[in-house]
Each structure stands twice: as C-alpha cells, then as structure tokens.
Amino acid sequence: MDTGTGGMEAADPARGLQPISHHVAHADTKRRFHELVQVSALRKHLTPLQARYANEDELARVHTREHIAEMKRQSQLLRGGDAGDDASPFGRGGFDIARLAAGGAIRTVEAVVTGEVDTAYGLVNPPGHHAERARGMGFCLFGNASVAIAHARQTLGVKRVAVVDWDVHHGNGTQDIWWDDPEVLTISIHQHNNFPPRSGHREHNGTGAGQGAALNIPLPPGSGNAVYDLGFADVVVPALERFRPELIVVASGFDAAVMDPLAQMMVTQRGFKALTRRLLAAADALCGGRIAFLQEGGYSPYYLPICGLGVIEELTGRESGFGDPHAANLDTKGVDELYEHQRAEVVRAAALVEQVPAG
C-alpha cells in the first residue's frame with residue numbers, strides 16, 4: 001500500500017514539510033515482521049494460510065455501497081486517493097490491496113472457526129479498525145475484522161463474537177459498525193485522547209439493543225506492561241466471561257509499544273506476551289480455543305517485528321530463538337510501573353463490565 005512520502009502530512013515546502021523516504025504508515029514495518037518470523041525457529045511450526053480477495057458483496061455486509069464505490073474510483077486515479085479523512089493516502093491500485101487485506105482476515109477467521117488450525121495470526125495491511133461503515137480513516141479503507149466477523153456470522157454459524165482491540169488508538173470503526181448489535185462485543189483498550197479525536201470515552205457504550213456491548217478502556221499516556229495487564233485482568237477478561245463469545249477476534253496493533261512514534265505508551269514484547277496468554281486462556285475456557293489475531297497498526301520498524309514475534313511465540317508455544325534484543329535497554333525505563341492515577345482509570349472501566357450483555 002503506497003502511502004506516499006510525507007511523514008504524517010503531505011510534503012509541502014511552503015509549510016516547511018520536507019519529503020522523506022517513506023510515510024509513517026509504510027508497509028515495510030509489517031514486512032519486517034513477516035521476514036523476522038521467516039528466519040526464526042518458529043517457521044517450521046506454522047501453517048501458511050493463503051489470503052484471497054474479499055468481494056464487494058462481502059465488504060457491503062459492513063460498509064455502504066457508496067463508500068466501496070468511492071474507494072474503487074479513487075484507486076483507479078493515477079495518484080491514488082484518500083481513505084476518507086483527508087489524512088490517509090493510498091496509491092493507485094490500493095482498492096485491491098485493501099480487498100486482499102479484508103479477504104486475508106476472512107481466511108484467518110475461517111481457518112480458526114473450522115478447526116483447520118488451532119489459532120491464527122493474519123498479518124494483513126492496510127489495517128482496518130478505524131474504517132467506519134460509511135468512510136475510511138486512520139490509514140484504514142475497510143474494516144478487516146468486521147468483514148471477517150460478518151462472514152463468520154452469515155456463513156459459518158457463529159453468533160456471538162468478541163473483539164479485543166489492543167491497538168493504541170481507539171477502534172472507532174469496529175465500534176461504529178457494531179454499535180447497536182448486542183451479539184458483537186467490542187472492547188478497545190487505548191491511549192486516551194490519542195486518535196481519533198473525541199473518541200473512545202468510557203461513556204460510549206453502544207445504543208438500543210447494543211447498549212453495553214461497546215466497552216472502552218482509555219488509559220493515560222505512559223501506561224506500560226503492568227497497567228495493561230491490570231486492564232486485562234480486571235476488565236477485558238471479566239467482560240469476556242460475562243459475554244461468553246463463540247469466537248474472539250484480536251485487533252492486534254503494536255503501537256502501544258514503547259518505541260512507537262505515534263503514541264506515548266510503554267508496553268514491551270514481554271507485556272504483549274502476557275496479554276496473549278490471558279486471551280488464550282480465556283478462549284480455551286469460553287469458546288473452545290477459537291481465537292484469531294488480525295494485524296492493525298504499529299509504526300516502529302525496529303520494535304513492531306519483535307513484539308509481533310513474541311505473540312507468535314505464545315500462539316505456537318515455541319521459542320523463536322531471538323527473544324527481545326531490546327529488553328535490556330527498555331526494561332530500565334519504567335515499563336513495569338503502575339501508578340495510582342493509572343489504576344484509577346482501570347477501576348472506572350471495570351465498573352462497566354456489569355453492563356455487558358450476558359451470554
């Protein structure tokens with residue numbers, strides 16, 4: 001996916017914005033994750049899944065036909081277009097790349113639901129959790145996880161699905177798509193007031209029949225391993241236990257990692273591994289182990305691959321042979337601190353668990 005060369009905004013000499021070799025959301029970050037897995041000891045323990053293109057009818061289960069048509073139209077322009085927020089550029093042909101990401105998400109979920117694999121990680125790009133029903137945003141054209149969930153519900157006999165979104169930005173698109181549906185629980189744990197603006201507050205809980213099925217856990221900047229682990233122990237897992245899903249989908253962004261340029265959180269590979277263990281245990285207890293991970297954001301080409309590798313280690317129960325080569329440096333930077341103002345935010349979010357629709 002060609003996102004251009006302007007950093008976060010288009011290069012503009014009149015504004016002092018110099019061109020740079022790549023956009024912050026360049027695909028190389030995810031490619032480096034893939035390549036690290038391929039040269040690790042994990043490769044021989046993995047079952048490759050071939051992505052396919054999602055068709056327009058599959059996209060239309062969760063997006064308007066108008067949005068799909070507009071993405072297709074812009075994709076045919078010589079210089080590509082924008083996902084919908086005037087800040088998410090994509091190059092010529094981006095529509096088909098986004099369809100492949102959505103289809104890859106379908107394939108990932110399908111493999112887990114049918115029992116073809118025990119667990120699965122869909123390393124797809126572009127991401128999807130910011131794409132709302134009628135527009136894309138935040139580097140997302142289509143809601144990959146939502147497209148896959150709709151497929152599972154309509155063709156694979158799954159009814160109740162929980163989304164656990166640990167991307168550092170609020171999963172507004174996933175929330176928007178399932179806002180009034182009591183059988184899709186959307187849980188987003190994210191940095192408060194990062195992105196999108198005025199989104200992901202605790203009081204945003206769904207509407208109508210879906211009241212309580214949107215659960216937001218906004219955390220203060222600087223939250224690290226201990227804060228996230230407490231959030232999962234006291235909010236995420238109890239919400240899953242109350243909801244009792246038949247499938248768990250993890251929106252797996254690594255921009256809460258300590259080295260990410262678009263956020264101010266402090267999670268390390270060790271932290272992501274601990275969260276993965278909690279989710280695997282919950283899936284085993286609640287839905288026969290049916291859990292699928294789908295790649296979302298993450299913008300550090302240095303550390304995203306390391307964090308992703310740690311998650312794959314937990315999914316396979318094997319060591320990669322690499323560990324975390326940054327740990328000696330990062331572990332001294334307060335990544336395991338837990339302060340009272342952080343604990344207080346988790347306590348406030350935990351009070352919302354009782355509103356989650358019970359399964």
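**A note on a cavity and the cysteines**

1. Strand 5 is the top contributor to the lining of the second largest cavity, giving three residues. Helices (H or I, at least four residues) and strands (E, at least two) are DSSP runs counted from the N terminus. Strand 4 (161-165), helix 6 (172-177) and strand 5 (184-191) each provide at least two lining residues.

2. A word on the basis: this is a predicted model, where local features need pLDDT of at least 70 and side-chain atom pairs pLDDT 80 or more, while totals for chains, interfaces and linings use all residues. Residues are numbered from 1 along each chain as its sequence is written, and side-chain values use heavy atoms, without hydrogens and water.

3. A cavity here is a set of points on a 1 Å grid over the protein atoms alone where a 1.4 Å probe fits but cannot get out; lining residues have an atom within 4 Å of a point.

4. Do look at the lining, which includes Val 163, Asp 165, His 170 and Asn 216. By class, the lining residues are two nonpolar, seven polar and one charged (Ala, Val, Leu, Ile, Met, Phe, Trp, Tyr, Cys and Pro are nonpolar; Asp, Glu, Lys and Arg charged; the others, Gly among them, polar).

5. On cysteines, the search finds zero disulfides (sulfur pairs within 2.5 Å). Cys 307 is in none, with the nearest cysteine sulfur, that of Cys 140, 19 Å away. Cys 307 is buried at 0% relative accessible area (buried means under 20%, with a 1.4 Å probe and protein chains only).

Conventions:
On a 1 Å grid over the protein atoms alone, a cavity is a set of points where a 1.4 Å probe fits but cannot get out, and a pocket is an open set with protein on both sides within 12 Å along at least five of seven lines; lining residues have an atom within 4 Å of a point. Buried means under 20% relative accessible area, exposed over 50%, partly exposed in between (1.4 Å probe, protein chains only).
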